[in-house]
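Student: I'm new to this one and would like a close look at a single part, followed by whatever sits elsewhere. Could you walk me through it?

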Amino acid sequence: MEIPVRRWRDLSNKQKETILQRSELNISEVSDTVKEIIRRIQDTGDAALKELSLELDKVDLNLHPLRVSEDEFDRARQVVSDEVKDALLFSIENVRIYHEAQLPRSIEMMEIRPGVYAGERATPIDSAAIYIPRGRGSFPSMLYMLAVPATIAGVPRIAVLTPPDRDGGIDPACLYTAEICGVEEIYRFGGAHGIAAMALGTESVSPVDKIIGPGSMYVAAAKRLLSDSVDIGLPAGPSESAILADAKADPYLLAIDLLTEAEHGADSSAILVCTDEALAARAAEHLSAEIEKLPQPRKDFVHAVFSGYGAVITAGSIEEAAEIINLYAPEHLQVQCHDPFDVLPLIRNAGEIILGSNTPFSAANYAIGANAVLPTGGRARTYSPVSVRDFMKYSSVIYATRAGNALLSEHVEVLAEYEGFPAHKNAVLKRR
């Protein structure tokens, strides 16, 4: 396929809006269906969960326990190759090293005024469920990206829910990964019915406080509809990437890196923003050639991406290129410039920023250690990557001596009087 190169300043507002919007799914299309699924789980619990698994996943859970057994962990240990085990152990260790540095002290206090102390106390949430999709493949990497920070945070109960295959089996690499990460509670269901079961609980499934992890539009709709019942974490939708490049970049590397996130699915997004038109044209030529080398269904996925939400764009300056990136607020950003550290201060909005030409997106996705579960759909403007902090909450801790209270009381009395709260005033006044 031919990839056009377009100048940003020549695009219409509608064309710009389409690129910036990308393929975030409109969950309103499935909301009524998902509401009915949630209602069935509420009404009949396990029975509805099994019925919906048969209807939607074509798996008869009457033939399998809802929760994965110890025997399945044992079989997975035997089935997974040593090569895959080594890759998983290497990557998990890197993720652990990175995330251990995020663990806050349990409590930190400061003296605000003489005798007046305040601080924060960090504690883990009581329970969390990790959602691992299965529709387009198996994703043990997603499991360790979520399980490792949860275990470091000290979450007492961590559950995994993931759709089974048609035989009711769970991906063995995911089972092996869960075991390595110290997670033993795994359920063989997913989709909107799985989200509803974990949020609301059934006879066999205790509800959790938080559900985190990306999924289909049905999963996204279920999480949003159940957000009053459970914390649904950061919004993580279809994969997306952006590359910012100057005239010094290698056009072939730009092309092969653009394919990385685009091959996830037809609803993925990938854009190149380049300051050099000749370089952008060469990158587009390489991209066209590399797409044709991909096997199916990845080839069709990438065709769909660059026929819709993918783009090769040129900008008049590095500042304009950076501003396009900030408008886009990508999940993954790669900066392939002569001195990427000089460009870094120009970037405000990105879930992940990869500097230089030596690190492809795939290395960050799997093995470097930084979390690869990132905000999508432009939400990197306000959301951050998954971290240990996602599995913790903070309480303010306050202490005052008698002298400290005396120091506060005069000012508290004045403000309480002004706002019309006599009980507030009395509470400090009587402690003098």
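Tutor: Let's start with D390, which sits in the loop between helix 15 (361-366) and strand 13 (392-400). Keep in mind that this is a predicted model. Is D390 buried or exposed? Its relative accessibility is 17%, so D390 counts as buried, given that the cut-off for buried is under 20%.

Now for strand 11, residues 332-336. Five of its five residues are buried, so the rest of the structure largely encloses this strand. Look at which way the residues point: H332, Q334 and Q336 go one way, while L333 and V335 go the other, and all are buried. Strand 11 also has partners. Strand 8 (residues 240-245) runs parallel to strand 11 and is joined to it by five bridges; there, L333 is the bridge partner of A242. Strand 12 (residues 352-355) pairs with strand 11 too, again in the parallel sense, over four bridges. In that pairing, H332 stands opposite E352.

With 39% relative accessibility, I107 counts as partly exposed. Together with M109 and Y399, I107 forms a nonpolar surface patch, and the three share about 290 Å² of accessible area.

Conventions. Residues numbered from 1 in each chain as written. Predicted model: local features only at pLDDT ≥ 70, side-chain atom pairs only at ≥ 80, totals over all residues. Heavy atoms only, no water. Buried < 20%, exposed > 50% of the residue type's maximum accessible area, 1.4 Å probe, protein only. Helix = DSSP H or I, 4+ residues; strand = E, 2+ residues; numbered from the N terminus. Pairing = 2+ DSSP bridges. Patch = residues over 30% accessible without salt bridge, like charges linked within 9 Å, V, L, I, M, F, W, Y side chains within 5 Å. Areas by Shrake-Rupley, 256 points an atom, 1.4 Å probe, with all protein chains shown as cover. Salt bridge = Lys/Arg side-chain N within 4 Å of Asp/Glu carboxyl O.
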